[in-house]
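Dear colleague,

Please find below the structure that I am handing over to you. My notes on its fold follow directly after it.

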Amino acid sequence: MKSKIVLGLSGGVDSAVAARLLRDRGYEVHSVYLDNGVGDPAPARETAAALGLPFRVFDIRNALNAKVCRPFYESYLRGETPSPCALCNPSVKFPVLLAVADELGAAHVATGHYARAEDGRLLRGRPANDQSYLLARLTAAQLERIVFPLGGYEKTEVRALAEAAGLSVAKRPDSMEICFIPDDDYAAWLESYGPTPPPGDFVDGAGRVLGRHKGIHHYTLGQGRGLGVSGPHKYYVSSICPDVDQVVLSDGSDLFAQSVLCRDVNWLTSPPNAPAAVTARFRHSKDETAVILSLQDDGSLLAKAQTPVRAPTPGQLAVFYDGDAVVCSGWIV
């Protein structure tokens with residue numbers, strides 16, 4: 001008897017090829033489209049029909065609003081820059097897929113992410129497309145039931161597989177933005193969601209007014225574009241002060257930090273008994289730096305970098321690696 005597996009089918013090329021690979025490996029694939037109220041399920045339905053897979057749509061709007069959208073909104077109002085995908089994966093997307101799997105008696109779930117899961121561990125995918133950063137908040141218990149069929153592939157290979165299989169989504173463009181903000185205009189979405197901070201002053205480190213800003217939710221730490229302030233040097237956002245609606249600008253030299261403090265740590269390996277040498281990503285990019293991790297008495301984590309880190313941003317996720325394996329992750333404070 002074939003093993004059942006529940007696949008999150010988004011309508012893009014990655015999940016379509018994941019479906020084909022799983023089917024060819026002998027799984028009984030049940031495809032699920034997670035409806036956030038913004039996307040169109042038609043491409044996913046078409047892919048499922050082409051591959052002969054059962055297809056269901058689940059409305060996730062209430063869960064997404066409570067566990068991702070509202071925290072995203074509130075984080076910006078605190079002057080932070082949140083990581084909504086890292087919130088969604090462990091709290092909405094995978095719990096829904098796992099609930100469907102339990103209903104069907106399936107041991108595993110799958111998505112088209114570029115990463116690997118082995119025995120409750122999260123491992124990198126291929127360097128060009130690795131998505132382990134966005135999955136680092138998954139728990140070990142969740143990872144024990146997850147299959148990532150694309151973990152050993154690069155995107156160019158996946159598109160070639162899709163074309164060879166005659167899948168209609170083979171040349172569909174990648175979706176780069178946050179799923180519930182399809183036009184990538186964060187500020188407009190925040191203003192439509194609820195009250196947002198008023199315009200205020202750009203100031204320098206001494207408190208001198210340099211100009212006016214549109215509201216603190218338009219800016220993030222380290223930003224150097226779209227400020228509209230001229231002076232003796234290029235300006236960058238140095239800090240955000242929500243209590244007084246001010247955005248502090250500098251020449252950028254004060255943006256580098258040697259130490260980064262993280263809270264709410266999600267351990268995927270055993271916490272070290274002594275300071276540990278690992279590497280870290282402090283944002284969703286390929287930039288990685290060597291750090292020494294120290295567990296603090298209150299459960300927070302202090303990362304001391306060998307070379308200064310530019311603009312570690314409150315609200316963003318820090319992910320720590322030992323080789324290919326994710327050690328843990330934590331929210332930057």
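In these notes, a residue is called buried when its relative accessible area is under 20%, exposed when it is over 50%, and partly exposed in between, with a 1.4 Å probe and protein chains only. By that criterion, buried residues account for 49% of the 333 residues in the protein chain.

Please bear in mind that this is a predicted model, in which local features need pLDDT of at least 70 and side-chain atom pairs count only at pLDDT 80 or more, while totals for chains, interfaces and linings use all residues. Residues are numbered from 1 along each chain as its sequence is written, and side-chain values use heavy atoms, with hydrogens and water left out.

Overall form

The protein chain contains 8 helices and 17 strands; helices (H or I, at least four residues) and strands (E, at least two) are DSSP runs, numbered from the N terminus. Its radius of gyration is 21 Å, close to the 20 Å that the globule rule gives for 333 residues, so the chain is as compact as a globular protein of that length. That radius is taken over C-alpha atoms, and the rule is 2.2 Å times the number of residues to the power 0.38. The C-alpha trace spans about 70 × 45 × 35 Å along its principal axes. A contact means heavy atoms within 4.5 Å. Of the contacts between residues at least 6 apart in sequence, 63% join residues at least 24 apart.

Five strands form an open sheet in the order 3-2-1-4-7, with parallel pairing. Strand 3 (55-59) and strand 7 (146-147) stand at the edges with a single partner strand each, so one side of each has no neighbour in the sheet. Two strands are taken to pair if DSSP finds at least two bridges between them. Strand 1 (residues 4-8) and strand 2 (residues 28-35) run parallel and are joined by 5 bridges, and Gly-8 stands opposite Val-32 in strand 2.

Helix 1 (residues 13-24) has 12 residues and reaches 16 Å from its first C-alpha to its last, close to the 16 Å expected at 1.5 Å a residue; the expected span is 1.5 Å times one less than the number of residues. Because 9 of its 12 residues are buried, helix 1 is largely enclosed by the rest of the structure. The cover over these buried residues includes strand 1, strand 2, helix 2, strand 4 (108-110), strand 7 and helix 7 (155-164). Just after helix 1, Gly-26 takes a positive phi of about 100°.

Strand 8 (residues 200-203) and strand 9 (residues 209-213) run antiparallel and are joined by 4 bridges, with Asp-201 opposite Arg-212 in strand 9. These two strands form a hairpin with 5 residues between them, and Gly-207 in the turn has a positive phi of about 90°. Strand 8 also pairs with strand 11 (residues 246-250), in the parallel sense and over 3 bridges. There, Val-248 in strand 11 is the bridge partner of Val-203.

Ser-238 lies in strand 10 (residues 236-241) and counts as buried at 15% relative accessibility. Leaving aside residues up to four places away in sequence, Ser-238 touches Leu-221, Val-248, Leu-249, Ser-250, Asp-254 and Leu-255.

With kind regards
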